[in-house]
Amino acid sequence: MKERELYLGIDVGSVSTNLVLIDENEKLVEKVYIRTSGQPIEALKRGLKMIRERLGDDANIRGVGTTGSGRQLAGAIVGADIIKNEITTHAIAAQKLVPGVKTILEIGGQDSKIIIIRNGVVFDFAMNTVCAAGTGSFLDRQAARLNIPIEEFGTYALKSRSPVRIAGRCAVFAESDMIHKQQTGHAVEDIICGLCEALVRNYLNNLAKGETLEDPVVFQGGVAANVGIVAAFEKALGKKIIIPEHYDVMGAFGAAVIAREKMMRSGKPTAFYGFRAVNCDYRAKSLECNGCSNMCEVIQISADGEPLACWGDRCGKWTAGAIHIERQSGF
Amino acid sequence: MKTKIGIPRGLFFYQYYPLWKTFFEELGAEIAVSGHTNRRILDMGVKSCVDEACLPVKVFFGHVLDLADKVDYLFIPRLTSVSRKEYICPKFGGLPDMVRHSLYGLPPIIDTEINLRKSGKNLLNAAMDVGSRLNCDKKAVRRALEKSLRAYREFREQVKKGALPPDIIDKRFPVLKKPSDRILNILVIGHVYNLYDNYINMDMLKKLRNNSVNLITVDMIDGCIIDEKAQTLNKKMFWYFGRKAMGTALHVLDRNDIDGVIYVMSFGCGVDSFISDLVEKKIRRKSDVPFIILTIDEHSGEAGFNTRLEAFLDMVRWRYRHEADVSSHG
């Protein structure tokens, strides 16, 4: 039997680290969703280990793409063929799973984005500017404060009879509003529902800027698991929202799709280092370069003591010697 | 010994330096310019400036400190207006006072007011005032002004032909990566002190140029075109920069060779908060040209900035390829 050709997509985000394997037909074979917990390298290693356990060492991986805010780091560690920003990967993933999609709502750990698709290409996009209110990490924090597991947070909102009004423009104001409403005796369900509505209101103001959002609307990213937010979106927009099957790993899925396309086009062998990353001891060292008064914060990544990659300098003094990972990302 | 005049490399530096330099040198003075913005300059500026000021003003403070003990005079003109019936940001008008009252032990400041709101003739008065502080005779000042205006016009011509002000001023001839893709024409709108200070804008221009982008900045658009376009607005622009930005935005609508527009604004800028919105509305409602606003502030984390810039270029290329009917991406 001919061995399947697989493509790996990795999305290292602020809250979660996701890995996705697709086959040559762009079908999802494996997916891993783990919490980054502030340690991107550890999370990535754990993710790779899980993939290896499921597939065995000799899996035929033909290409790797990385995305998310930790895409440079992940790219350096695994040997990525392509490093792509998360807007492009999310847009590609949504179009694969929901053909004809016109509006993509995405809320992740620290970013929220809206992507408008016209004629099959990204027509416009926006990312949150002012504050991380309404993103996954804020919801996490509020769930922890109220002592409710984040998985159940949304179902509380659905039980609400009369949601209270919470200020959603700023995370600090939202929190103090919630505390105040709690102290005046409002039910926790009503407060959570009010919070969901506030965050959706803020999202639509800040990102959609009052534009009409055309059907089909897809909602993805970790926060799409929150049924309270989904309900608030449907109420505010007055339309049905599609949650794609792999909503929580869409970035990684898109990265895998891009990697596959690139490798098919180029016909070259992958830059993937294999699963040896699982056993390597990675160290990230940051140092302040004193070469000039820019005092750049340089990051050096080493694997078992061997320098692997370097970035953060403006002049190129440090990056020049190390493996140049910028070639795949463009910057 | 020649008198040494210090010119901080901040705010309107990249707009007027060739004029100022020629003027002072014609009057027999020597010029000292502060170094390129770096973290030390930024840190010094942030520490010494009032908190509410925008980043470019804070950076300017850093440049003043960089020069303070190296020069006989600091040249910090009180710029009230640089064009007829228009103002610039009020912080420029108060700049010499802000500097004087926040920083101590500075050399004397040449803080001549430049106010061309009512008449361009005020420029001569301003030049005379500067000259008198350096004990120069009136004839020499007149001659120096004429020469410096000539130098300024030459500089403007070079910019209009597509040279970037910092490249002209620093006599740099940047070696750029060979274009690996179709060259995109990207128009960048923003204040000179945000566009050309590559520390403040996190090397945005270099990143763009290295990604097969032909840069067109707002300063490269002909002044006559801008004026003509700005006159079609139903209300006269109050700000000098507002007219430039709006005129340019309207000009984009007339052209079909612009692949995308980037508006760079600094966080907390009063002028930008109005103008960016107006420009955005004009471009989005009247055209399909991809548009993005990039906000810059003190943070040195480039991830968010790069993500937006990268995604914007992806979007422009993707759309272009789609139009050219070669469907692919990445």
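Predicted model: local features only at pLDDT ≥ 70, side-chain atom pairs only at ≥ 80, totals over all residues.

In which sense do strand 7 and strand 8 of chain A pair, and over how many bridges?

Modeller: Strand 7 of chain A, residues 112-118, pairs with strand 8 of chain A in the antiparallel sense, and six bridges join the two. To find one bridge by eye, go to Ile117(A): its partner in strand 8 of chain A is Val122(A). Between strand 7 and strand 8 of chain A there is a loop, and Asn119(A) is found in it.

Now step back to the whole sheet. Strands of a sheet pair through backbone hydrogen bonds, either parallel or antiparallel. Here five strands of chain A make an open sheet in the order 8-7-6-9-10, and the pairing is mixed. Strand 8 (121-127) and strand 10 (241-242) of chain A are the edge strands, each pairing on one side only.

Helix 3, residues 86-97, lies across strand 6 (103-107), strand 7, strand 8 and strand 9 (217-220) of chain A. Helix 7, residues 188-208, lies across strand 6, strand 7 and strand 8 of chain A. Helix 3 of chain A runs at about 55 degrees to strand 7 of chain A, and for helix 7 of chain A the angle to strand 7 of chain A is also about 55 degrees. If you follow the chain in the loop between helix 7 and strand 9 of chain A, you come upon Pro216(A). The peptide bond leading from Asp215(A) to Pro216(A) is cis, with omega near -10 degrees.

Chain A has another open sheet of five strands, in the order 3-2-1-4-5, and its pairing is mixed. Strand 3 (28-35) and strand 5 (82-83) of chain A stand at its edges with a single partner strand each, so one side of each has no neighbour in the sheet. Strand 2 of chain A, residues 16-23, pairs with strand 3 of chain A in the antiparallel sense over seven bridges. One bridge to look for links Leu21(A) with Glu30(A) in strand 3 of chain A. Helix 1 of chain A, residues 40-55, lies across strand 1 (6-12), strand 2 and strand 3 of chain A, and runs at about 145 degrees to strand 3 of chain A.

Finally, turn to where chain A meets chain B. On the chain B side, 34 residues are in contact with 32 residues of chain A. The area buried between the two chains is about 3,000 Å², and carbon and sulfur atoms give 50% of it. Side chains of opposite charge can pair when their charged atoms come close. Between chain B and chain A there are six salt bridges. One of them joins Lys209(A) to Glu280(B), with the closest N and O atoms 3.9 Å apart. Helix 14 of chain B gives the most to the side of chain B that touches chain A, with 13 residues. The residues on that side divide into 10 nonpolar, 10 polar and 14 charged. Glu310(B) forms a salt bridge with Arg71(A), where the closest N and O atoms are 3.4 Å apart. This pair crosses from helix 14 of chain B to helix 2 (residues 71-78) of chain A.

Note on methods. Residues numbered from 1 in each chain as written. Chains lettered and ligands numbered in written order. Heavy atoms only, no water. Pairing = 2+ DSSP bridges. Helix = DSSP H or I, 4+ residues; strand = E, 2+ residues; numbered from the N terminus. Contact = heavy atoms within 4.5 Å. Axes fitted to C-alpha atoms, helices over the stretch in contact; angles between N-to-C directions. Buried area = accessible area lost by both parts, 1.4 Å probe. Salt bridge = Lys/Arg side-chain N within 4 Å of Asp/Glu carboxyl O. Nonpolar A, V, L, I, M, F, W, Y, C, P; charged D, E, K, R; others polar.
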